[in-house]
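Here is a friendly briefing to read alongside the model. Please keep the sequence and the 3D view open as you go.

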Amino acid sequence: IVLDNILIVTAKREDIPHFVDVINQSYTDLAVTYEQLMGYTQTEVYHPELWIMAVNKEDFGVVGCGIAEIDRELNEGILEWIQVVPAYRGKRIGQLIVDELLKRMKGIAEFATVSGKVNNKTSPERLYRKCGFVGNDVWHILTK
């Protein structure tokens with residue numbers, strides 16, 4: 001997927017405030033902190049090339065983000081925090097982020113998994129299906 005007005009960039013640790021902003025704009029029922037996301041960079045599954053941002057080429061504003069992790073023991077890629085700010089939704093930016101993360105995982109992970117809230121109004125399942133994910137496997141359902 002190529003979008004003329006959106007650039008995908010690899011994030012650095014100093015970009016974490018952008019992730020906090022995008023994620024917190026994307027939810028009404030949860031919030032993340034800088035410290036929480038910084039803590040993710042200290043985990044075994046952290047991979048610096050798999051933290052990306054979607055940037056508007058006109059004003060260089062961050063309009064979306066994606067974090068993927070690598071479980072090296074299982075050779076599993078895990079898509080996390082695929083978010084697009086509300087004003088930019090419906091413009092295929094989420095698909096662009098997922099596509100880029102999957103490309104970056106090639107050769108590192110043997111398979112990729114995704115997760116999402118079942119009754120989420122943004123329908124993460126619809127996004128992942130548009131990106132080629134198939135099947136109906138459910139591993140865990142967390143209700144609280």
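## A partly exposed loop residue, and what surrounds it

Asn75 is partly exposed, with a relative accessible area of 27%; here buried means under 20% relative accessible area, exposed over 50%, and partly exposed in between, using a 1.4 Å probe and protein chains only. This is a predicted model, in which local features need pLDDT of at least 70 and side-chain atom pairs count only at pLDDT 80 or more, while totals for chains, interfaces and linings use all residues. Residues are numbered from 1 along each chain as its sequence is written, and side-chain values use heavy atoms, with hydrogens and water left out.

**The sheet**

- Five strands make an open sheet in the order β1-β2-β3-β4-β5, with mixed pairing. Helices (H or I, at least four residues) and strands (E, at least two) are DSSP runs, numbered from the N terminus, and two strands pair if DSSP finds at least two bridges between them.
- β1 (6–10) and β5 (111–113) are the edge strands, each pairing on one side only.
- From one strand to the next, the twist averages 25°. Axes are lines fitted to C-alpha atoms, for helices over the stretch in contact, and angles run from 0 to 180 degrees between N-to-C directions.

- Strand β2 (residues 51–56) pairs with strand β3 (residues 62–71) in the antiparallel sense over five bridges. Across this pairing, Ile52 stands opposite Gly66, and Met53 stands opposite Cys65.
- The hairpin of β2 and β3 has five residues between the strands, and Phe60 in the turn has a positive phi of about 60°.
- β3 also pairs with β4 in the antiparallel sense, over seven bridges; there, Ile70 has Gly77 of β4 as its bridge partner.
- Four residues lie between the strands in the hairpin of β3 and β4, where Asn75 takes a positive phi near 55°.

**Another positive phi**

- Where is Arg92 placed? Arg92 is in the loop between β4 and α3.
- Phi of Arg92 is near 75°, a positive value in a residue other than glycine.
- Arg92 is partly exposed, with a relative accessible area of 44%.

**Helices across the sheet**

- Helix α1 (residues 16–26) lies across β2, β3 and β4 (76–84), and runs at about 105° to β3. Contact means heavy atoms within 4.5 Å.
- Asp21 is in helix α1 and counts as partly exposed, at 41% relative accessibility.
- Asp21 and Glu69 are 48 residues apart along the chain, and their C-alpha atoms are separated by 20 Å.
- Helix α3 (residues 93–105) lies across β1, β2, β3, β4 and β5, running at about 155° to β4.

**The nonpolar core**

- Which residues touch the most other members of the largest nonpolar core? Of its 40 residues, they are Leu37, Leu79, Ile97 and Leu101. A nonpolar core is a set of buried Ala, Val, Leu, Ile, Met, Phe, Trp, Tyr and Cys residues joined through side-chain atoms within 4.5 Å.
- At least two residues of this core come from each of β1, α1, α2 (34–40), β2, β3, β4, α3 and α4 (124–130).
- Not counting residues up to four places away in sequence, the contacts of Leu79 include Ile67, Val98, Leu101, Met105, Tyr128 and Phe133.
- In soluble globular proteins, nonpolar side chains tend to be buried together.

**Aromatic pairs**

- A search of the whole structure finds four aromatic pairs. Rings of Phe, Tyr and Trp (its six-membered ring) pair if their centres lie within 6.5 Å; planes under 30 degrees apart count as stacked, over 60 as edge-to-face and the rest as tilted.
- The ring centres of Tyr27 and Trp81 are 6.0 Å apart and the planes are at 90°, so this pair is edge-to-face.
- Tyr27 lies in the loop between α1 and α2 and Trp81 in strand β4, so the pair ties together parts that are 54 residues apart in sequence.
- Trp81 is buried, with a relative accessible area of 17%.
- For Tyr46 and Trp51, the ring centres are 5.8 Å apart and the planes are at 70°, so this pair is edge-to-face.
- Both Tyr46 and Trp51 are buried, and Phe19, Tyr46 and Trp51 form one aromatic cluster.
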